[in-house]
Amino acid sequence: MTFLHKFLGATAALGLSSAAALAEPAVIFDLGGKFDKSFNEAAHNGASRWAEETGSTYREIELQSEAQREQALRRFAEAGANPIITMGFAMADPLSTVAPDYPDTKFVAIDVTWLDAPNVRQIGFAEHEGSYLVGMLAGMASESGTVGFIGGMDIPLIRHFGCGYAQGVKAVNPDATVVANMTGTTPAAWNDPVKGSELTKAQISQGADVIYAAAGGTGVGVLQTAADENILSIGVDSNQNHLHPGKVLTSMLKRVDVAVYDALTAGTDLETGVFTLGLAEEGVGYALDDNNAPLVSDEMKAAVDEAREKIISGDLEVASYYATDSCPALDF
Amino acid sequence: MDFLTFIQLLDSTVRLATPLLLACLAGLFSERAGIFDIGLEGKMLAAAFFSAAIAAVTGSVWLGLLAGIASSMAFSLLHGVASITFRGNQLISGVAINFLAAGLTVLIAQDWFSQGGRTPSLMGGARFEPIILPFADSLGGIPVFGPIYRELISGHSILVYVAFAMVPLTWWILFRTRFGLRLRAVGENPAAVDTAGVSVVGLRYAAVIICGVLCGIAGAYLSTALQAGFVKDMSAGRGFIALAALIFAKWRPWYALYATLLFGLFGALETRPDVIEALFGLKVQGALLGALPYVMTVIILAGFVGKAIPPRAGGEPYVKER
């Protein structure tokens, strides 16, 4: 009997240790889904690149409702997944309750920078810096002197995008008008392309000829209508220039893919803490490829690259919406 | 606010009201026959997906429209079988249809196109293009009437004109034909219809099928006319707003037109906070306008402004003998 006990104990211990050694990482995609052609897709790209390069596998779930957040986190943590990568600000609350229960598991929170949790790697992006650059491009490309901004759900993060953008526009054209709209105040605002189209048409009638969409799936409607109405649009998060070649001025890149890739590469040795990826870390930037090459002149590119250098060196500071909960260049 | 802004606002109202109007008339047929239908949202979503998917595959928007209508009709029949033949609870069947459509569309889209629950972007003949009515450009120069004709009346997709033509047609069918009289009677007093020797079941099935056709057009309008492709959950609660409009309209076709135009106007105003600010001198949160249709429906239901009386036999399966 004792022998049997020991034997069983040993197998159990072996089972546990092998589970720990084989710990698969997990990625929790947010409501938009992993093919939102934007934020979540960037994470998916980073994770697939890691999986292809290393031949490893990872577990994943696409959240379907708000209620699943904590459940999904706990399920992966219970199953021994490590590290667990979560996408989006909305995971902050579930993380703050779940993370302390699993001190040996490491969590990665993208777009969250304010948690007090020792086992969470919190990654924020300096979206205002990237948005500032595309704002400059918009200001230079606009002929009417009016440009637009369409946000998804009205949250501080999206205002942060809009604020950097407006500052960039004003930097190249102080007299420019920036028209800003939010799609809604519920998560449904990320998936309402019809309303995105209507907002685009409304902004066009107010004279906008370049429109920046930071709105997830709603942005698909914005880019489509902008292309139909023959004005320029600016994509967000992933490179969206290819969606309507020659009609998308550029895309504000948020290198979520790099952040996810790095986290997966570090694996369980992941460094925790708060990290902000800005222009200097190449965490944000603007997209330039064959699809938009004719739209961005050398002059424009030079001006933007100069501003980029200045921001990196600290000579130019882009005001953050988070700092004061208000924007010097745009009134929401 | 200048005249052109006003026209643009109304133009936006028309576009936003069209899917609501179609879905509202769909609900009107069904509910007038005594079948409550909260599955309008799901049917619209299913039709939006199938019309975009088939249009993307075949390159023909008309085949897409047919596929959209067929899928919506299939869901309607499901609702019919559950609530007419098997006398199930109509509300539960409707809810089930909404969930089924939300899940099924993304699942099939992922399986067919592998673009994460989307269809590819539709190009050329796979989309409904706006129709420019005759003389739109030459008459455009006439003051007042010109811009109204060119910007507001002309330049919509054909489905918009179909939707608006459906209003008098629905009125005529319901109030001027024998079929319409029987359909209304079946929603008020099915026993009387049965006594007269007319099939209650047959009439109710006819009503849900018409409901399916109209929801199908509404869904196709979303994905192939307003948009160029399907995005998951793209109906974004429009089926429920249509239901609210139906109650607001007290189950009457012309009122349905006014109610959906009003709700469309709220939607259009939501996109133009600058206009509201100029008109009323205060900043209104867009969310407030988005909530107004529901608020107004509650007020109507509470009996503050007239009384909304649903068809008497609505929601109850017809049982010949107990």
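The secondary structure of chain A consists of 11 helices and 12 strands, where helices (H or I, at least four residues) and strands (E, at least two) are DSSP runs numbered from the N terminus. The radius of gyration of chain A, taken over C-alpha atoms, is 22 Å, close to the 20 Å that the globule rule gives for 332 residues, so chain A is as compact as a globular protein of that length; the rule is 2.2 Å times the number of residues to the power 0.38. The C-alpha trace of chain A spans about 85 × 40 × 40 Å along its principal axes.

The structure is a predicted model, in which local features need pLDDT of at least 70 and side-chain atom pairs count only at pLDDT 80 or more, while totals for chains, interfaces and linings use all residues. Residues are numbered from 1 along each chain as its sequence is written, and chains are lettered from A and ligands numbered from 1 in the order in which they are written.

The mean pLDDT (the predictor's confidence in each residue, from 0 to 100) of chain A is 88, with 93% of its residues at 70 or more. Within chain A, confidence is highest in strand β8 (residues 210-214), at a mean of 96, and lowest in helix α1 (residues 2-21), at 48. Over residues 10-21 of chain A, pLDDT stays under 50, and the model has two contacts beyond four places in sequence for this stretch. Two residues are in contact if their C-beta atoms, placed from the backbone, lie within 7 Å. Of the contacts in chain A with a separation of 6 or more, 68% join residues 24 or more positions apart.

Chain B contributes 25 residues and chain A 24 residues to the contact between them. On the side of chain B that touches chain A, α1 (3-32), α10 (200-226) and α14 (286-301) of chain B each supply at least two residues. The largest share of this side, five residues, comes from α1(B). By class, the side comprises eight nonpolar, 11 polar and six charged residues; Ala, Val, Leu, Ile, Met, Phe, Trp, Tyr, Cys and Pro count as nonpolar, Asp, Glu, Lys and Arg as charged, and the others, Gly among them, as polar.

Within chain B, the axes of helix α7 (residues 158-176) and helix α8 (residues 178-188) come within 5 Å and cross at roughly 75°. Here axes are lines fitted to C-alpha atoms, for helices over the stretch in contact, and angles run from 0 to 180 degrees between N-to-C directions. α7(B) and α8(B) are therefore roughly perpendicular to each other, the term for angles of 65 to 115 degrees, whereas those under 35 count as roughly parallel, those over 145 as roughly antiparallel and the rest as oblique. The contact involves B:Ile173, B:Leu174, B:Phe175 and B:Arg176 of α7(B) and B:Phe179, B:Gly180, B:Leu183 and B:Arg184 of α8(B).
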